[in-house]
Amino acid sequence: MTTMTRPSPPVDPIGVDLTRTLRALKLGGMADTLPERLVLARQQHLGHAAFLELVLSDEVTRREGRSATLRAAKAGLDPTMRLDTFDDQPDLSYDRQLWSDLTTLRFAEAGTGVLILGPVGVGKTHLATALGHIAIRRRMTVGFHRADKLFTRLRAARLDNTLDAEVRRLTSIDLLIVDDFALRALDATQTNDFYEIVVERHRRVPTIWVSNREPAEWLGLTTDALLAQSAIDRLTSGAHTLVVEGPSYRQRGRVTVDPRNENRHAR
């Protein structure tokens, strides 16, 4: 005996007039999901108020998504480096309990800094950026800067007399992410800027510092040991330190060629 399957209820088409009205109200995105929501309302026997709440909730979700995308782009966050896209390989070694706690952003509420340290290619930038995306979803202001470009920006601000405004902007951001810090030595101006950023944000608003070197190595890369020591001491006191170790992700998919095969082809 063949079991008959009940056909799906028809999807109500969205007429031209309704589409025009939705667009006039800046609700054009609702037209994409409205037919399916009408089917769901029929299946679940939703009342008018419940149906209205459902479709308006969809619109809120769409708008929040668009807003988050725009704010993330303005913050300089790579859209592909999110929590759900991190390739957490078994050969990566880091404190996963600490990482789970960091994703709650409790450190941000406490104004505590974060250090993400480790060798090249283990995903430090991805993890820092993922925290930035979470903060964006929490309606926090975020700024992502590679250290060398940040210092170049501050140097340019000195030339056009906008340094004070630039420092105020940096110190007012809810979450500042500085990537590739101490990759190379800091000159006198950069050392001073490093000090100013740390002091102005210390225990007030959180900063995530991403580096291939440990803080103990930073001192030797600066030109003013006293200024740098003062900054590093503030920065590391109470900061959460996540050390990531393992092979570079750039090498994981590397194709190795047997030189014996190459020799055969060369003959």
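User: What makes Phe 107 and Ile 208 stand out in the largest nonpolar core of this predicted model?

Analyst: Of the 31 residues in that core, Phe 107 and Ile 208 touch the most other members. The elements α3 (48–75), α4 (96–102), α5 (106–109), β1 (114–117), α6 (124–137), β2, β3 and β4 each supply at least two of its residues, and α6 gives the largest share, six residues.

User: How do you know which residues Ile 208 touches?

Analyst: Contact means heavy atoms within 4.5 Å. Not counting residues up to four places away in sequence, Ile 208 touches Phe 107, Val 114, Ile 116, Ala 128, Leu 131, Leu 175, Leu 176, Ile 177 and Val 178. One of these, Ile 177, stands opposite Ile 208 in β4.

User: Why are β2 and β5 called the edge strands?

Analyst: The open sheet has five strands in the order β2-β3-β4-β1-β5, with parallel pairing. Strands β2 and β5 (240–243) each pair on one side only.

User: What makes Glu 166, Leu 170 and Thr 171 buried, and how are they placed around α8?

Analyst: Buried means under 20% relative accessible area, and these three residues of α8 (residues 163–172) are buried. They cover an arc of only 130° around the axis, which puts them on the same side of α8. The face turned away from that buried side carries Asp 164 and Arg 168, which are exposed, meaning over 50%. What covers the buried residues includes β2 (142–146), α7 (147–159), β3 (175–181) and α9 (188–201).

Methods:
Residues are numbered from 1 along each chain as its sequence is written. This is a predicted model: local features need pLDDT of at least 70, side-chain atom pairs count only at pLDDT 80 or more; totals for chains, interfaces and linings use all residues. Side-chain values use heavy atoms; hydrogens and water are left out. Buried means under 20% relative accessible area, exposed over 50%, partly exposed in between (1.4 Å probe, protein chains only). Helices (H or I, at least four residues) and strands (E, at least two) are DSSP runs, numbered from the N terminus. The arc is that of the directions from the helix axis to the C-beta atoms. Two strands pair if DSSP finds at least two bridges between them. A nonpolar core is a set of buried Ala, Val, Leu, Ile, Met, Phe, Trp, Tyr and Cys residues joined through side-chain atoms within 4.5 Å.
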